[in-house]
Each structure stands twice: as structure tokens, then as C-alpha cells.
Amino acid sequence: MTTEDVVGIELAPADSLPLPAFDPGAHVEFFIDRAGQPPLVRQYSLCNGPGETDAFVFGIKREPQSRGGSHWIHSLSEGDQVSLGAVRNLFPINRDAGSHLLLAGGIGITPVLAMAQKLTSVGADYQLHYFVRAVDHVAFRDRLKESEAAGRLHVHAGLDAARVRAVLGEALARPRQDAHAYCCGPGVFMDTVAEVAAAEWPSERVHFERFQAPAAQSAQASDAAFDVVLQKSGRRCHVEAGQSIVQALAAVGCDVMTSCEQGVCGTCLTDVLEGTPDHRDAYLSKAEREGGRLILPCVSRSNSATLVLDI
Ligand code: FES
């Protein structure tokens, strides 16, 4: 264990083949198949430092509210086999940036830690602000030593929401023209970063890694119902309030491939041919949202009475 509720695990290929290449910010899908229970897919960030190519390194928090994924991982023992999906990176370090501001809340340290180790190794200019409930919740202390020794690590322990906002205000003030910021953590933490950064940072220079869409964006019973037309078959499907498009399509025998079902991974990305999507994901860029031609149907809905999808 790296803290009382975060376990550090290393997974090496069972066939001894080399790992695929990956960069800081990358994550991997875990396919979790437990006897008698529905399969789960979960994404976890890689914490590897540069040159660590024998095994994937993860830090996984036991989530009290989880649907079982993190509990299953915490029950693993040395020698157990785990089925993993492809490595993806939706949160890369910007290669043109002249300085980097890393902001981590709790378990959000995992992708940021990979970044800090890389930036240290290449002598890049960066600062890492790590917000934790208490000092003994600092994970991967050994991997943070070099950042700490260089005066680049700033641990903020036990702050209330107002103090977190104030510290973020100081950290994000007066950014260099070539600075990029990277943030991972609980939704409320990332929402605060986004609000504070909006005063001085262009949105394209602030990067977020979300493994959960903001709670307020999931389907609500108060949402309006609408229809979806499947262009390829011509079928029409009614999406009730509180029901996702994916669920409604499954009910009429049309299965859309999904993974996270939270609007963060992009697996269910679908073309929109007509209608106005109500985007509730954390995956599409601002330009893609405004274009209105793409939708993540696991969470997003429709602002028009009918949405025609290229399915
Ligand atoms: S399944 Fe991950 S975004 Fe829809």
C-alpha cells in the first residue's frame, strides 16, 4: 500500500513481450470479470517514470462508492492475471510548452506523477501542487522525492474549499505565455481549477484528465425525452427522461460499444447527421461540441425533438 487506501501495483506482460510505448498522461483499461457479476471496464492512469518499461505501474484508490472495480483490484495478489486493454493518452504533456503547472487532487496524482518524473528527467521547468486530505494521504512518496528535493513539489494538506481556491488562485496567477497547466482529481477540484484558471488562462492551455463526467451532467429524471433515428436502418427509438441513448438503443436491440459509460473515454463516439446534441461528456473538445456533429451517447442527450445518428 502506498497510503491506507491507495495500493500501488505493477503488472508485467504474462508472455514476457515488451510493453507498448507510452507517454506520461496515458491510461489503460482494466477488464474486470468477476464470477456471477456483470463485467466492468475501468481506466487507470500509468505512474511509470522514464525508462520503466518492464511493467505498468498503477496507483489505485479503494473507492467506498465504487461498483466493485477498485475493491476487486485491491483484492489481487502477486501472480494473479489481469486482462488489460490498449494504452490511450488523452492527457499528454504539451511538447511546445516552456513551463508546466501540475495540479493534482487526491488520487489524481497518478497521471501527474508520471508527468513530474518525465519533466524532472529532461530538466523541464515545472511546479507540482498536490492537494490531499492529510499528510499521510500523500501517495508514492518515493517517486516524488526528486520533485521535492528540487523545490518543485508543494503539498497542500487538509485545506477547506475556500483555501483550496485561494491556493489555486496563487498558483494560476500571471501565467507565462508558453505555460500549460494539467489537472487531475475529483470533479469538484477540477471544476474549481477550471473556474480559477478562466481568469487568466486560455482554455487550450489548461488540460484535464477526467475519469468521471461531472455528476450534474448525468441523465436526470427531469430531463426531456426525445427520439433517436438510426439512419442506417431507419428505425426510430424513444429515449425517456433519466435514460441514456445507449440504454434506449440497447432496449430495441441496437448495442453501441461502450467502455466507461461516463462520457470520458470516447469509445461510444457516434456521428450526428441531424438534430442538436446536448453534450454532457468530458471528452469532446470545445470545437467538436460547437460543431454539433459528434455525440457520446452514453451520457449526452438531445436539445432537439429528434436526433439522427449515423448508426
Ligand atoms: S463509453 Fe466512454 S464515452 Fe461513452
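The buried residues of helix H3 pack against H2, strand E7 (126-132) and strand E8 (153-157). Helices (H or I, at least four residues) and strands (E, at least two) are DSSP runs, numbered from the N terminus. This is a predicted model, in which local features need pLDDT of at least 70, side-chain atom pairs count only at pLDDT 80 or more, and totals for chains, interfaces and linings use all residues. Residues are numbered from 1 along each chain as its sequence is written.

H3 covers residues 141-149, and its buried residues are Arg143, Leu144 and Ser147. A residue is buried if 20 or more other C-beta atoms lie within 10 Å of its own, exposed if 12 or fewer, and partly exposed in between, with C-beta atoms placed from the backbone. Just after H3, glycine 151 takes a positive phi of about 75 degrees.

The protein chain has three assigned domains, with bounds from an automatic or database domain assignment.

| Domain | Residues |
|---|---|
| Domain 1 | 6-88 |
| Domain 2 | 99-209 |
| Domain 3 | 217-309 |

The centres of domain 1 and domain 3, taken over C-alpha atoms, are 29 Å apart.

Next come the cores. A nonpolar core is a set of buried Ala, Val, Leu, Ile, Met, Phe, Trp, Tyr and Cys residues joined through C-beta atoms within 7 Å. The largest one has 48 residues, and Leu102, Val112, Ala181 and Cys183 have the most contacts inside it. Helix H2 (residues 109-121) gives the most to this core, with 7 residues. Domain 1 and domain 2 both give residues to this core, so it lies between them. A second, separate core has 20 residues, including Val228, Val239, Leu296 and Leu309.

Two residues are in contact if their C-beta atoms, placed from the backbone, lie within 7 Å. Leaving out residues up to four places away in sequence, cysteine 183 touches Leu103, Met190, Val193, Val206 and Phe208. Valine 206 sits in strand E10 (residues 206-209). It counts as buried because it has 22 C-beta neighbours inside 10 Å. Valine 206 and alanine 173 are 33 residues apart in sequence and 13 Å apart in space, C-alpha to C-alpha.
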